[in-house]
Amino acid sequence: MPMKKFVNKPEDLVSELLRGFALANADKIKVLDNNLVVRARPKAKNKVAIVTLGGSGHEPALSGFVGEGMLDISVPGDIFAAPGPPKVIEALRMANRKAGVLFIVLNHAGDVLSSNMALEMAKREGLNVRKVLTHEDISAGSRKNPTDRRGLAGCLAVIKVAGAAAEKGKSLEECAAIAERMEANLATLAVAVSAATHPATGGVIADVKEDEMVVGMGQHGEAGGGTQKLKSADETAAIMLDALIKDLKIKKGEEVLAIINGVGSTTLMEQYIVLQSVKKVLDRKKIALARCLAGEFLTVQEMGGFQMILGRMDKELLSLWDAPCHCPAWSVK
Amino acid sequence: MPDKFVQAQLSAMLMGAVARIKANHKELSRLDSFGGDGDHGSAMLRAADAIAKTVSGAKKKATKDLLSDTAWAVMGIDGGATGPLLGSFFLGMSDAAGKGKSLDAKGLSALFISGLEGVMKNTPARAGDKTMLDALIPAVEAMQTGAKAGAGIPDCLKSAADAAAKGAETTSKMKARFGRAKNLGDKSIGNKDAGAVSMSLIFKGFSEGVESA
């Protein structure tokens, strides 16, 4: 079956999507000739810079998080594929400053490889860079083996609090500690109900049977176990939330952040319905829903499903979460 | 075919790999669609183009520089893990290359060993994990065995290519433990690993490229 997507030549996907992204967000970001995405108005040089990298095809992630209060530079790769080390080192060089660079990396093989090779170069060149790895997907490994866990849409929370800390003028050490604390208190679980099409190859990613859903599917259609009959919003939310609460060992009386991240064809209506299901379960368990969001932050083309992100919050994390940001994907006043 | 290896032959060797990849990229994407995104072939195609461009622009370059330029070009393709891993192979080869312009079978074997070390430094995967290493390790070993026995470069590369092909073949029985395919668990058994097949194509191309030079 031919792919039903409004695209031009497959090799032009990334450059064309970035061109449109820049046109639509000219007040917030700029796309440089080398395809690095930077802020329209750079942050003061005496503040920590934040850089990330990741494959394209997940819009608005990750370049949609560039802007005031969040990232300074995003290094987009090809569709679903990490950018190579040369482009990453270019970004680190550009961001480098006395205050330092916080380098947020989502745990996927290609991203980790590119970032490690770039970091080795950065060290040789004497750049002041500190890496934080996000790996909050609870389906792919236990907390004891964190490197098995993938980095999913929970990076949004890490980037948000670290970005706010940097904006407040905190040191590299402090920003990294905040990012790591948020990361350690985050858990994400994904559910998929229908497949995505790779926009360059036309290949089908993560086919799911008509009457089934797969809990634990990653953002490239990686199977994570948990194939089951399709369930209602309430039932699905309860299954997923139970797993997240158990993983984080959240107790009665604690305050949490919940994000419902639609991954493509699951409607905003459904995301809202799931979010209220989440609230019902938390109420029953006497856990406080301190902050929440629903929307498309990290997508997988037209895949059906969503990622549920739960974070344990403390006073400082909440105040950083509430700090202003101004990005293509999200604004807080 | 002389045993001493000069730049023209190194270029021919690299271009042989380019031709092999270009002829088989669709099959590589098909193999990748079982556990990955189905885009390994297009990443390898971009890597092949990057290699071809480097080789054609490098008329008078020392082996060391040609290999390191090739590595950086390959790493720059933005192809997920493919670019950095393949790039680290060429970068490792470059690290071991002397300034000299000639190379015999033992010298080339030493470059391959250093290339393999470059890859192993950048991935926790080892033999039997259903990755490119399952083709690369036997290829490098066969090259080494041939060189020690006194065979010339063409013969050594031929046995390296055969060993790589056999190695890639064995990956169909393996369970993936790295990359996206690892999430398939037992379901990954039954198909060859796309990265291992890529590596076997590269060695097949190396061998053909040197034969035709």
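This is a predicted model: local features need pLDDT of at least 70, side-chain atom pairs count only at pLDDT 80 or more; totals for chains, interfaces and linings use all residues.
1. **Surface of chain A.** Chain A exposes about 13,300 Å². Carbon and sulfur atoms supply 54% of that area. Of its 333 residues, 58% count as buried.

2. **Fold content of chain A.** Helices and strands both occur here. The count is 8 helices and 16 strands. Contacts between residues at least 6 apart in sequence were sorted by separation; in chain A, 73% of them join residues at least 24 apart.

3. **Dimensions of chain A.** The C-alpha trace spans about 50 × 50 × 35 Å along the principal axes. The radius of gyration is 19 Å. A compact globule of 333 residues would have a value near 20 Å, so chain A agrees with that expectation.

4. **Charges of chain A.** There are 43 positive and 39 negative charges. Their mean positions lie 6 Å apart.

5. **Arg150(A).** This residue sits in a loop of chain A, between strand E6 (129-134) and helix H4 (155-167). Is Arg150(A) buried or exposed? Its relative accessibility is 6%, and buried means under 20%, so Arg150(A) counts as buried. Its side chain reaches the backbone oxygen of Gly216(A) at 3.1 Å.

6. **Fold content of chain B.** Chain B has 8 helices and 0 strands. Along the sequence the pattern reads α-α-α-α-α-α-α-α. Among contacts between residues at least 6 apart in sequence, 68% join residues at least 24 apart.

7. **Dimensions of chain B.** The C-alpha atoms fill a box of roughly 45 × 35 × 30 Å, taken along the principal axes. What radius of gyration does chain B have, against the value for a compact globule? Chain B has 16 Å; with 213 residues, a compact globule would be near 17 Å, so the two agree.

8. **Surface and charges of chain B.** Of the 213 residues, 58% count as buried. The chain carries 28 positive and 22 negative charges, and their mean positions are 2 Å apart.

9. **His25(B).** This histidine belongs to helix H1 (residues 7-32) of chain B. Which residues does His25(B) contact, leaving aside neighbours within four places in sequence? They are Gly41(B) and Leu45(B). Val119(B) is 94 residues from His25(B) in sequence. In space, the two are 22 Å apart, C-alpha to C-alpha.

Note on methods:
Residues are numbered from 1 along each chain as its sequence is written. Chains are lettered from A and ligands numbered from 1 in the order in which they are written. Side-chain values use heavy atoms; hydrogens and water are left out. Helices (H or I, at least four residues) and strands (E, at least two) are DSSP runs, numbered from the N terminus. The radius of gyration is taken over C-alpha atoms; the globule rule is 2.2 Å times the number of residues to the power 0.38. Buried means under 20% relative accessible area, exposed over 50%, partly exposed in between (1.4 Å probe, protein chains only). Contact means heavy atoms within 4.5 Å. Lys and Arg count as positive and Asp and Glu as negative; His and the chain ends are not counted. The place of a charge is taken as NZ of Lys, CZ of Arg, CG of Asp or CD of Glu. A polar contact is a pair of N or O atoms within 3.5 Å; within protein, one must be able to donate a hydrogen and the other to accept it, and residues adjacent in sequence count only if both atoms are side-chain atoms. Accessible areas come from the Shrake-Rupley method with a 1.4 Å probe; for residues, only the protein chains shown count as cover.
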